[in-house]
Amino acid sequence: MSVHVASVGMGKYGKRPEGLIDLAAEAANAALEGVGRRPIDLLVAGSMLAHGAHGQEALLPRLAARLGLEAASGFRVDSASGTGGMAFHTAVVALETGRFERALVVATEKMTDRTTATNTKELAASLDASEVAAGATMPGLAAIVTQRYLERFHRSTAICDAATVHARAMSVDNPAAHFQKAVTPEEVAKSRLVSTPLRLLHCSAISDGATAVVLERGTGPATVLGIGQGFESVRLVDRDDLTTFAATRVAAQRAYQNAKVGPKEVDVAEVHDAFAPFVYIHMEDLGLSEVGQAPDAFERGEVRRDGRIPVNPSGGVIGRGHPVAASGLAEDAEVALQLRGEAGAHAVARLPKVGLAQAMSGIASHNFVTILGRGGE
Amino acid sequence: MTDNGESIEVRRCDSCGARFLPNDGACPRCGSTRTRPLAVPALGTVLAATEMTSPAEGWHAPHRLALVEMPEAVRLFAIVDGGLPAPGTVVAVRREGEVYRARTEPTAG
């Protein structure tokens, strides 16, 4: 049974005065308007940080009441920064059973009302406790991964700068993105060190925002051709190789098989660059570039909107800002916008037929790959 | 560089032979719970190290953390006392409570 993305509601990401539910409702209402407010019988929503500080455990009933969806059924999902990707996949699977007709998928996060220290601590909840006990943070572990990549492939930190420059060059064309100003390699290289070798502008920004999509049974320009997930050890010391993420490779293999397409057929990709150099690892794990060679694809301009394989035309996590749970759904949403010809100023040069979205939890311990394309039915 | 006689305890899986850092249960490779302690020399090689200028709450900046490969290919994260070691640096590792700490070996003499 086919499922397709019928509409997208991309809320504005950035420092927002509104709360978690207001942000969610903004994106959700935009998505609902997109399908002429046709009836929704399934609500799938997620937020990583709605627990704890926000005390908003009852996310689903609050959202259902706010959106007038009391007649729908609902699932709340949780997979750290991959929550949005998981929400999308959950809705796809539920619709494929035939039990539901049309689903609203929402991922929302409110972060800027808390201190960096609090956010850092809560985000570290997706890491291994023994590593956190030694003072590991997300940027700290991402820095270790980056160093391993640079060392293995004999690259300099210039590739990290280039990844940020690309992301910010893309995000200026995306009105929903947090960052509306491009940066030069020099500006990136001069930003303050966060965790060597990663600098501030290599790290995704704490942001507020929500994304919503309506998925329904049937086919369209953004039909779900395939989905796949993968896991890898949360504890990084149990991994043999930190320059590749098994969770992506497994998820991609399953999604490609499911979709009956290969990496060469992918016309546009959105990947989870929570830290700028991760874009290279993701491209390589997804088969969009040879191992160790993704930085060359960037240098040759192949990832630009008019290139061989446009990557993160939305600006990605680095350019869009990172309201953690929302990012995973923004990736699916962006690919849907591109395929539906609704991406406006951030549309890739040639209307794509097949697009791929990848979401990541923590340091790639649970990853999601979605492949969208034209439905054949 | 010689073994200073110190050791740290790791685990060895009886089922698949994997060596790994003590965890809360099963072998991370095969899932077996039949594992036993194994002492390995407390000298390891730094694979990567980072200096965090905005460490987590409760840590002083800069906080230095190294990914260290111990004998038997067991890896651990160690808090670094002293300067940031380059990859390939050999460090002495000791356990302190629930964390590991590493210091760079003094130069000869």
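1. **Where the chains meet.** In this predicted model, 26 residues of chain A are in contact with 27 residues of chain B. Two residues are in contact if their C-beta atoms, placed from the backbone, lie within 7 Å. On the chain A side, helix H4 (116-123), helix H5 (129-133), helix H6 (138-152) and strand E5 (193-195) each supply at least two residues. H6(A) gives the most, with six residues. By class, the side of chain A that touches chain B has ten nonpolar, ten polar and six charged residues. Ala, Val, Leu, Ile, Met, Phe, Trp, Tyr, Cys and Pro count as nonpolar; Asp, Glu, Lys and Arg count as charged; the others, Gly among them, count as polar.

2. **Ground rules.** Residues are numbered from 1 along each chain as its sequence is written, while chains are lettered from A and ligands numbered from 1 in the order in which they are written. The model is predicted, and local features need pLDDT of at least 70, side-chain atom pairs count only at pLDDT 80 or more, and totals for chains, interfaces and linings use all residues.

3. **Chain A overall.** Chain A has 13 helices and eleven strands. Helices (H or I, at least four residues) and strands (E, at least two) are DSSP runs, numbered from the N terminus. The radius of gyration of chain A is 19 Å, close to the 21 Å from the globule rule for 377 residues, so chain A is as compact as a globular protein of that length. That radius is taken over C-alpha atoms, and the rule is 2.2 Å times the number of residues to the power 0.38. Along the principal axes, the C-alpha atoms of chain A fill a box of roughly 55 × 45 × 40 Å.

4. **Burial and contacts in chain A.** Of the 377 residues in chain A, 61% are buried. A residue is buried if 20 or more other C-beta atoms lie within 10 Å of its own, exposed if 12 or fewer, and partly exposed in between; C-beta atoms are placed from the backbone. Take contacts in chain A between residues at least 6 apart in sequence: 78% join residues at least 24 apart.

5. **Helix H7 of chain A.** This helix (residues 158-171) has 14 residues. From first C-alpha to last, H7(A) reaches 20 Å, close to the 20 Å expected at 1.5 Å a residue. The expected span is 1.5 Å times one less than the number of residues. Eleven of the 14 residues of H7(A) are buried, so the helix is largely enclosed by the rest of the structure. Among the buried ones are Ile159(A), His166(A) and Met170(A). Their cover includes H6, helix H8 (185-190) and helix H10 (278-285) of chain A.

6. **Asp22 of chain A.** Asp22(A) sits in helix H1 (residues 20-34) of chain A. Buried or partly exposed? With 16 C-beta neighbours inside 10 Å, Asp22(A) counts as partly exposed. Asp22(A) and Thr108(A) are 86 residues apart along the chain, yet their C-alpha atoms are separated by 9.4 Å.

7. **Chain B.** Chain B has zero helices and eight strands. Buried residues make up 32% of its 109 residues. The C-alpha trace of chain B spans about 40 × 40 × 25 Å along its principal axes.

8. **A sheet in chain B.** An open sheet of three strands runs in the order E2-E1-E3, with antiparallel pairing. Two strands pair if DSSP finds at least two bridges between them. Strand E2 (19-20) and strand E3 (35-41) of chain B are the edges, each pairing on one side only. Seven bridges join strand E1 (residues 7-13) of chain B to E3(B). Val10(B) has Leu38(B) as its bridge partner in E3(B).
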